[in-house]
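Biologist: I am new to this structure. Could you walk me through it, feature by feature?
Modeller: Gladly. Here it is.

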Number of protein chains: 2
Amino acid sequence: MLGDMRRPTLHAVAARAGVSKSSVSRVINGEPTVAPAIRETVMAAVAELGYVPNGAARNLVTQRTNTIAIIVSDPPAGLVSDDPMFAMVVRAASRELERAGKQVSLVLAGSDESRLRVEQYLAAGHVDGAILVSMDGADPLPAVLSRTGLPIVSHGRLATPGLMPWVDNDNHGGATQAVRHLLDQDRRRIATISGPLDMTAAQERLAAYRDTLHDTGRRSIIALGDFTRISGADAMRQLLDDDPTLDAVFAANDLMAIGALRTLREAGRRVPDDVAVIGFDDIEAALYTAPALTTIRSPMTAQAVQTVQLLLTLLTNGAADPVTLPTELVIRESA
Amino acid sequence: MLGDMRRPTLHAVAARAGVSKSSVSRVINGEPTVAPAIRETVMAAVAELGYVPNGAARNLVTQRTNTIAIIVSDPPAGLVSDDPMFAMVVRAASRELERAGKQVSLVLAGSDESRLRVEQYLAAGHVDGAILVSMDGADPLPAVLSRTGLPIVSHGRLATPGLMPWVDNDNHGGATQAVRHLLDQDRRRIATISGPLDMTAAQERLAAYRDTLHDTGRRSIIALGDFTRISGADAMRQLLDDDPTLDAVFAANDLMAIGALRTLREAGRRVPDDVAVIGFDDIEAALYTAPALTTIRSPMTAQAVQTVQLLLTLLTNGAADPVTLPTELVIRESA
DNA sequence: GCACACTCAGGGAACGTTCCCTGAGAGCGA
DNA sequence: TCGCTCTCAGGGAACGTTCCCTGAGTGTGC
């Protein structure tokens with residue numbers, strides 16, 4: 001077996017087919033200006049030798065890579081979460097990128113040291129563009145990367161406006177729907193579990209909660225979480241301590257709502273009879289809680305797909321406008 | 001602003017520093033045989049021009065890319081799942097690869113057509129090696145890819161043995177623990193919800209269930225799922241139809257166990273009083289079900305990390321041995 | 001029948017690195 | 001002082017493509 005022989009080159013194919021490199025290149029790239037006879041001979045030689053064009057050489061000369069980076073901010077060391085958002089977004093975006101013939105480079109932006117690596121990576125020309133996923137507001141990465149001049153879009157609005165186009169769902173509208181739904185049920189003391197306030201999604205959802213309550217003359221009852229189940233459980237405990245008479249909770253995402261449900265169960269509160277709970281996102285798990293979670297559906301798959309489309313537009317047009325997607329109230333059992 | 005000027009090249013840096021390309025290259029790559037004075041001048045020029053080596057050119061000449069592909073089999077079109085396994089494995093593996101200075105190329109292997117693309121992608125020399133994640137037994141991809149001669153390892157044992165080294169958890173042992181635990185509680189009619197039988201993990205867990213029951217002279221009660229929540233809920237319904245007197249269920253993963261819990265609740269069965277439920281994997285969500293899910297902990301993060309290590313070993317040594325990781329029974333409320 | 005356009009194949013430079021090889025200069029022993 | 005080794009800088013080929021440009025050959029209009 002000669003299995004580990006060097007892969008055949010364009011040159012080898014040309015020699016085998018008795019034509020020039022140029023012609024082989026033309027056939028490979030599907031250019032129309034090539035005689036059928038030659039095309040056939042070349043195709044045969046390609047098949048015979050099992051030729052596949054070398055990516056690095058191609059990238060070098062064309063100055064393009066057909067690769068898009070998906071850059072995800074990684075939680076602090078040690079913590080590996082099963083965040084459904086990550087799975088949905090990365091998966092949907094990857095699929096859409098492959099549909100567009102792009103390869104996907106997955107980049108975790110974690111420690112500060114790794115940020116430099118990310119910057120260098122983009123500057124090295126490994127990718128034609130990038131998608132930033134759920135950057136928090138304190139993160140300097142978006143600003144740094146946008147300075148590379150590479151086409152970049154953000155999945156989720158950034159704290160600093162104007163750096164790059166983005167796709168987000170209507171956080172303010174969704175949260176307003178959620179709180180209104182609780183008000184419609186005549187809930188008196190409506191608390192909220194907020195996400196981390198350095199993320200715009202959390203800010204917007206909290207602002208909407210405040211605004212809506214304020215309009216009815218009620219006071220806000222707020223606990224802080226970080227979008228994880230455990231933080232939701234902790235925050236719920238704190239809320240019960242702060243105000244044992246509360247009768248409704250709006251959690252800024254479903255994961256925290258799930259955590260809150262556990263705490264309420266442990267505290268012996270019935271949901272929704274004693275305390276109504278409403279989440280945000282409508283992840284699949286929301287269908288499987290007991291009781292099933294009432295929530296705001298944010299179109300996560302659509303958002304990922306749109307983000308990819310936005311980047312593709314930016315890539316071809318040189319410009320693209322931000323997009324906001326509508327949300328929808330999904331009433332189940334918990335509120 | 002000249003922001004969109006072509007990036008500076010090695011040549012430009014050399015000219016700026018008044019030395020040869022070779023010297024700059026040596027400095028960039030940290031070779032020791034370069035005089036301190038020259039190193040300093042070069043570093044200054046690099047900083048001044050903001051030089052970053054071109055990846056494609058480097059890949060071309062070194063015949064290496066420092067990139068590893070993570071190849072994940074993608075579920076049929078349309079379906080975008082929030083599979084916690086995907087998030088955990090991809091995230092943990094990516095992090096470990098970055099720690100090793102490797103870049104990550106994420107490849108979804110879906111339709112048959114995309115399989116060809118994957119093969120071509122690997123053959124094009126875009127990556128130095130690959131990690132296959134949870135391939136099902138019917139998938140021809142592992143066989144095809146292993147023929148490329150590229151170093152490849154599998155996360156999860158493959159149906160066809162000997163193609164490549166792998167890392168898996170002790171499915172048989174874990175499932176045996178689960179069923180024994182149910183037997184220890186004097187459960188009489190123990191059913192199982194199996195995963196898709198073209199995956200070795202599902203096969204092994206089912207076999208262990210059968211073997212263990214068989215040893216006690218009981219008959220198997222089996223329903224088929226596909227590792228999703230909804231399939232678990234459906235399978236549970238079918239099991240209740242088949243044998244209304246069953247008093248225990250071993251679900252081949254936690255997601256299906258969560259689905260089963262919902263069906264049982266809808267059917268008015270109390271867990272664990274009427275029916276005990278035990279899952280497999282110990283995903284984070286297992287802590288948040290009502291009642292909390294008893295399950296078998298499989299070390300998912302460790303498995304991903306080990307898989308990366310296995311590949312790195314293969315890359316340097318040219319050989320590596322399969323690894324099996326132990327599982328652990330986690331007793332909570334559901335059984 | 002001749003000029004001209006038009007089609008299409010081949011030659012070769014260019015992409016931006018790495019790395020081999022040559023050779024200049026320093027250091028040192030005899 | 002000469003010659004030898006040893007250190008380290010520079011020149012240039014090579015990596016495998018793409019794509020521009022030249023030019024051969026064929027067809028077409030007047």
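**Reading the model, step by step**

Biologist: Where is Asp282(A) found?
Modeller: Asp282(A) sits in the loop between strand 9 and strand 10 (295-297) of chain A. Keep in mind that this is a predicted model.

Biologist: What is phi of Asp282(A) near?
Modeller: The general idea comes in two parts. Most residues other than glycine have a negative phi, and most peptide bonds are trans. Phi of Asp282(A) is near 55°, a positive value in a residue other than glycine.

Biologist: Then take the peptide bonds. Is the bond from Val271(A) to Pro272(A) cis or trans?
Modeller: The bond from Val271(A) to Pro272(A) is cis, and its omega is near 10°. Pro272(A) lies in the loop between helix 11 (254-266) and strand 9 (276-278) of chain A.

Biologist: And what about the bond from Val271(B) to Pro272(B)?
Modeller: The peptide bond from Val271(B) to Pro272(B) is cis, with omega near 10°. Look for Pro272(B) in the loop between helix 11 and strand 9 (276-278) of chain B.

Biologist: Now the two chains. What rotation superposes chain B on chain A?
Modeller: Two copies of a chain are related by a rotation about an axis and a shift along it. Here the rotation is 180° and the shift along the axis is 0.0 Å, with an RMSD of 0.1 Å. That is the relation of a two-fold axis. In chain B, the C-alpha nearest the axis belongs to Ser105(B), 2.2 Å from it.

Biologist: Why do the copies meet through the same surface?
Modeller: 100% of the interface residues of chain B are also interface residues in chain A, so the copies meet through the same surface.

Biologist: On to the DNA. Which residues come nearest to DNA strand D?
Modeller: Of the 27 residues around DNA strand D, the nearest are Leu10(A), Ser25(A), Ala57(A), Ser20(B) and Ala35(B). Helix 1 (10-17), helix 2 (21-28) and helix 4 (55-62) of chain A each supply at least two residues of this surface, and so do helix 2 (21-28) and helix 4 (55-62) of chain B. Helix 4 of chain A gives the most to the surface near DNA strand D, with five residues. The residues near DNA strand D divide into twelve nonpolar, eleven polar and four charged.

Biologist: Which residues are closest to DNA strand C?
Modeller: DNA strand C is surrounded by 27 residues, and the closest are Ser20(A), Ala35(A), Leu10(B), Ser25(B) and Asn54(B). Helix 2 and helix 4 of chain A each supply at least two residues of the surface near DNA strand C, as do helix 1, helix 2 and helix 4 of chain B. Helix 4 of chain B makes the largest share of that surface, five residues. The surface near DNA strand C has twelve nonpolar, eleven polar and four charged residues.

Biologist: Next, helix packing. At what angle do helix 1 and helix 3 of chain B pack?
Modeller: Two packed helices are described by the angle between their axes and the distance between the axes. Helix 1 (residues 10-17) and helix 3 (residues 36-49) of chain B pack at an angle of about 120°, and their axes are 9 Å apart. These two helices of chain B are therefore oblique to each other. Helix 1 of chain B passes helix 3 of chain B in a right-handed crossing. On helix 1 of chain B, the contact is made by Ala12(B), Val13(B), Arg16(B) and Ala17(B). The residues of this contact between helix 1 and helix 3 of chain B divide into seven nonpolar, one polar and two charged.

Biologist: At roughly what angle do helix 8 and helix 9 of chain A cross?
Modeller: The axes of helix 8 (residues 171-184) and helix 9 (residues 200-215) of chain A cross at roughly 40° and come within 8 Å. That makes helix 8 of chain A oblique to helix 9 of chain A.

Technical notes
Residues are numbered from 1 along each chain as its sequence is written. Chains are lettered from A and ligands numbered from 1 in the order in which they are written. This is a predicted model: local features need pLDDT of at least 70, side-chain atom pairs count only at pLDDT 80 or more; totals for chains, interfaces and linings use all residues. Copies are superposed by least squares on the C-alpha atoms of residues with pLDDT of at least 70 in both. Two residues are in contact if their C-beta atoms, placed from the backbone, lie within 7 Å. A residue is near a molecule or strand if its C-beta atom, placed from the backbone, lies within 6 Å of it. Helices (H or I, at least four residues) and strands (E, at least two) are DSSP runs, numbered from the N terminus. Ala, Val, Leu, Ile, Met, Phe, Trp, Tyr, Cys and Pro count as nonpolar, Asp, Glu, Lys and Arg as charged, and the others, Gly among them, as polar. Axes are lines fitted to C-alpha atoms, for helices over the stretch in contact, and angles run from 0 to 180 degrees between N-to-C directions. Angles under 35 degrees count as roughly parallel, over 145 as roughly antiparallel, 65 to 115 as roughly perpendicular and the rest as oblique. A crossing is left-handed if the near helix is turned anticlockwise from the far one by less than a right angle, and right-handed if clockwise.
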